[in-house]
Amino acid sequence: MAEKYTVKERGKLLAFLFDSLSGWSKKKVKQRLQGASVAVNGVVTTKHDYLLNEGDIIEVGVVQKSTTAGQTANKLEIIYQDKDLIAVNKPAGLLSVGTTKENRQHALALLRTQLSRPKHSVKLWPVHRLDKETSGVLLFATSKEMREAVMATWGESEKTYLAIVEGTPKVSKRTISEPLRLDEKEYRMHVGDHPLAKHAVTHYNVKQSSSKSSLLEVKLETGRQHQIRAHMAWLGHSVVGDERYGTKGVRMGLHALRLSIVHPKSKKPLCFEVDAPGEFYRLLR
């Protein structure tokens, strides 16, 4: 959830963020500010010279209302960017890439438009995809070669999600090792042994529970389509709001929290992380 800070003395927003977020690099602080994830007294701002007064409340990690059917997202929050890779915070309700039914309103198209300038059109390649109703970290490459380089070691990447599921699992920490098979007619995964099923491993840890639902931290050892959704449904605790594997709701309780990779060129470890929006955590209540 968003972190809150109280202003002690009059000053400008960027200087306050540098001082309050001393463990962050200045580049990361600026990216969060530019990505509309900072709010002053409940109002999102991207102005670095915004004048603060004593007693103002600053929230870091704010995400503007997610895209839902009938709404349009104009800009995506960029959480990391270099000349090779760009990571964004995809809102729930937005496709990662285009489909035959929708070829304009998706994260790839929006980010291309957002980064392009007159006489300079930006080209991007999706490194991976998130389901439409899943929010969180989504990675793009600026060249086909870079995308292929990242994918060459994708099995070594660390993918961590937050999931809000129905009920409370009897075992608070568990590994699910059940194979998955895609039914292309129903467009859903079937769990269990089958000649066409593929190995799939999901690790989960219950972080918090309410009377009707639980918040889980989930780590993927494999990256099968609908893996978390299918495995949790098989366990008897469907992801909240997952109409395909459970019950329809206001939004699906699945968020891509963290993605860790090694940069193909610099060989340095990179960790992209963005907290879930408030509307996600409200599903737990």
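Here is a short chat about a predicted model, covering its aromatic rings, one of its sheets and a histidine.

Visitor: Let's start with the rings. How many aromatic pairs does the structure hold?
Guide: Two. In one of them, the rings of Tyr80 and Phe272 have their centres 5.2 Å apart.

Visitor: Is that pair stacked, tilted or edge-to-face, and why?
Guide: The planes are at 50 degrees, so the pair is tilted. Planes under 30 degrees apart would count as stacked, and over 60 as edge-to-face.

Visitor: Where do Tyr80 and Phe272 sit in the chain?
Guide: Tyr80 is in strand β7 (residues 77-81) and Phe272 is in strand β18 (residues 269-273). They are 192 residues apart, and the pair links distant parts of the chain.

Visitor: And is Tyr80 buried or exposed?
Guide: Buried, because its relative accessibility is 18% and the cut-off is under 20%. Phe272 counts as buried too, at 3%.

Visitor: OK, what about the rings of Phe280 and Tyr281?
Guide: Their centres are 5.4 Å apart and their planes are at 90 degrees, so that pair is edge-to-face. Phe280 is buried at 0% relative accessibility, and Tyr281 is buried with a relative accessible area of 12%.

Visitor: Switching topic: which ring does the charged end of Lys28 sit over?
Guide: The ring of Trp24, 4.4 Å from its centre. Elsewhere, the charged end of Lys26 sits over the ring of Phe18, 5.1 Å from the centre of that ring.

Visitor: Now the sheet. What's the order of the four strands in the open sheet?
Guide: The order is β1-β6-β3-β4, with antiparallel pairing. β1 (3-6) and β4 (43-44) are at the edges with a single partner strand each, so one side of each has no neighbour in the sheet.

Visitor: Which strands does helix α1 lie across?
Guide: Helix α1 (residues 13-20) lies across β1, β3 and β6, and runs at about 65 degrees to β6.

Visitor: Last one: where is His231?
Guide: In helix α5 (residues 227-235). His231 is buried, with a relative accessible area of 0%.

Visitor: What does the side chain of His231 make a polar contact with?
Guide: The side chain of Thr202, at 2.7 Å. Leaving aside neighbours within four places in sequence, His231 is also in contact with other residues, including Ile176, Glu178 and Leu180.

Technical notes
Residues numbered from 1 in each chain as written. Predicted model: local features only at pLDDT ≥ 70, side-chain atom pairs only at ≥ 80, totals over all residues. Heavy atoms only, no water. Phe/Tyr/Trp six-rings, centres within 6.5 Å; stacked < 30°, edge-to-face > 60°. Helix = DSSP H or I, 4+ residues; strand = E, 2+ residues; numbered from the N terminus. Buried < 20%, exposed > 50% of the residue type's maximum accessible area, 1.4 Å probe, protein only. Lys NZ or Arg CZ within 6 Å of the ring centre and 35° of its normal. Pairing = 2+ DSSP bridges. Contact = heavy atoms within 4.5 Å. Axes fitted to C-alpha atoms, helices over the stretch in contact; angles between N-to-C directions. Polar contact = N/O pair within 3.5 Å; in protein donor to acceptor, adjacent residues only side chain to side chain.
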